[in-house]
Amino acid sequence: MQNRFIDSITQLPKPVATALIPLLNEDFCGHIDASQLATLVKASDMTEEALLLSLLPIAAALAKPSISEFYVGAIAKGESGDIYMGANFELASEALFHTVHAEQSAISHAWLNGEQKIVDIVVNFSPCGHCRQFINELVSGIDIKIHLPGQQPQLLAHYLPYAFGPKDLQVTKPLLSKSNIEFSLNSDDPMIIEAVDQAGLSYAPYTKNFAAVVIETKDGRTYCGRYAENAAFNPSMMPMQMALSNLIRHDRDYSDINRVVLIESSAGKVSLVNATMDTLQAVAAVELEHIVVDPS
Ligand code: THU
Ligand code: ZN
């Protein structure tokens, strides 16, 4: 079992802990598939909702809140039946805007695994305004059920009345909708190929700057992040933030970072290069490889 779960596992009901421990191997990043979830529900003798609430200490253990030391854990349940944990991270000594919230981490975790709809979000603290706005960008966002300890589940519509969202800006294919932008680029570098593919899956309806970041660690593994814009602009999630959140969910250190590639579209109204370099220099002494590609 990974060291980061040693304390949180003791907070779980005993049958849940016993059934979960075999999953918490060195590769565990918070993804539990539908059949593993069914096994956990059975072993726990709880409702699925109660089980998910009981798993929140494990999600919160994925956090890296270097400034606040406030551990937030979230679980997004996809339409496939799989669940995806996420947690907050903050960059030590850096501006607070680099922070990724637990809900954003869980939602991006689901999206990177191909989910096209999220049905439930379970979280250990009430979602902040920024997260409510981020959730409202999703396919059927307003109908997502939010579950909190000690509260009746409520739709996002309850937490975000009079919502402003993509429809106000005439965007009809919200975040998580299936879409794939093709780019013309000839490269035989697997990391660049992966980044181009991920940029094609990014969500940039407001700037058309389809973009992605891939981080490679010294052992050759890669962790990607896609750009996810938001109708209210500021709650947008930068691809570098999403990639770092992915790296942290996998229990990797910043000191493991070897290469970082940012791909973005030549047709975008903005560039993320300065924002990405700013975040990168805070975590690793690695030069950003920046490639601008033409949509084909
Ligand atoms: N936080 C979340 O992760 N989700 C919320 O909706 C509430 C706040 C995090 C952000 C920051 O890392 C810490 O909690 C303190 O605000
Ligand atoms: Zn939040």
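Residues are numbered from 1 along each chain as the sequence is written, and chains are lettered from A and ligands numbered from 1 in the order in which they are written. Because the model is predicted, local features need pLDDT of at least 70 and side-chain atom pairs count only at pLDDT 80 or more, while totals for chains, interfaces and linings use all residues; side-chain values use heavy atoms, with hydrogens and water left out.

**Stop 1: the ligand**

Select ligand 1 and show the residues around it: S68, F70, V72, N88, E90, T99, H101, A102, E103, P127, C128 and C131. Each has a heavy atom within 4 Å of the ligand. Colour this shell by type and you will find six nonpolar, four polar and two charged residues. Here Ala, Val, Leu, Ile, Met, Phe, Trp, Tyr, Cys and Pro count as nonpolar, Asp, Glu, Lys and Arg as charged, and the others, Gly among them, as polar.

Next, look for polar contacts (pairs of N or O atoms within 3.5 Å). Pick N88, where a polar side-chain atom lies 2.9 Å from an oxygen atom of ligand 1. At A102, a backbone N or O atom is 2.9 Å from a ligand oxygen atom. Then click E103: an N or O atom in its side chain is 2.9 Å from a nitrogen atom of ligand 1. Taken alone, the ligand exposes 370 Å², and the protein buries 80% of that (Shrake-Rupley method, 1.4 Å probe).

**Stop 2: salt bridges across the chain**

How many salt bridges does the structure hold? There are eight, each a side-chain nitrogen of Lys or Arg within 4 Å of a carboxyl oxygen of Asp or Glu.

Select R4 and D251, whose closest N and O atoms are 3.7 Å apart. R4 sits in the segment before helix 1 (6–9) and D251 in the loop between helix 10 (239–249) and strand 12 (257–265), 247 residues apart; helices (H or I, at least four residues) and strands (E, at least two) are DSSP runs numbered from the N terminus. R4 is buried at 19% relative accessible area, and D251 is partly exposed at 41%. Buried means under 20%, exposed over 50%, and partly exposed in between (1.4 Å probe, protein chains only).

Now go to D189 and R259, a salt bridge at 2.8 Å, N to O. D189 lies in the loop between strand 9 (183–184) and helix 9 (190–200), and R259 in strand 12, 70 residues away. D189 is buried, at 18%.

**Stop 3: a network**

Finish with D27, D219, R221, R252 and D256, which salt bridges link into a network. Within this group, R252 and D256 meet at 3.3 Å, N to O, and R252 counts as buried at 16% relative accessibility.

Notes
A polar contact is a pair of N or O atoms within 3.5 Å; within protein, one must be able to donate a hydrogen and the other to accept it, and residues adjacent in sequence count only if both atoms are side-chain atoms.
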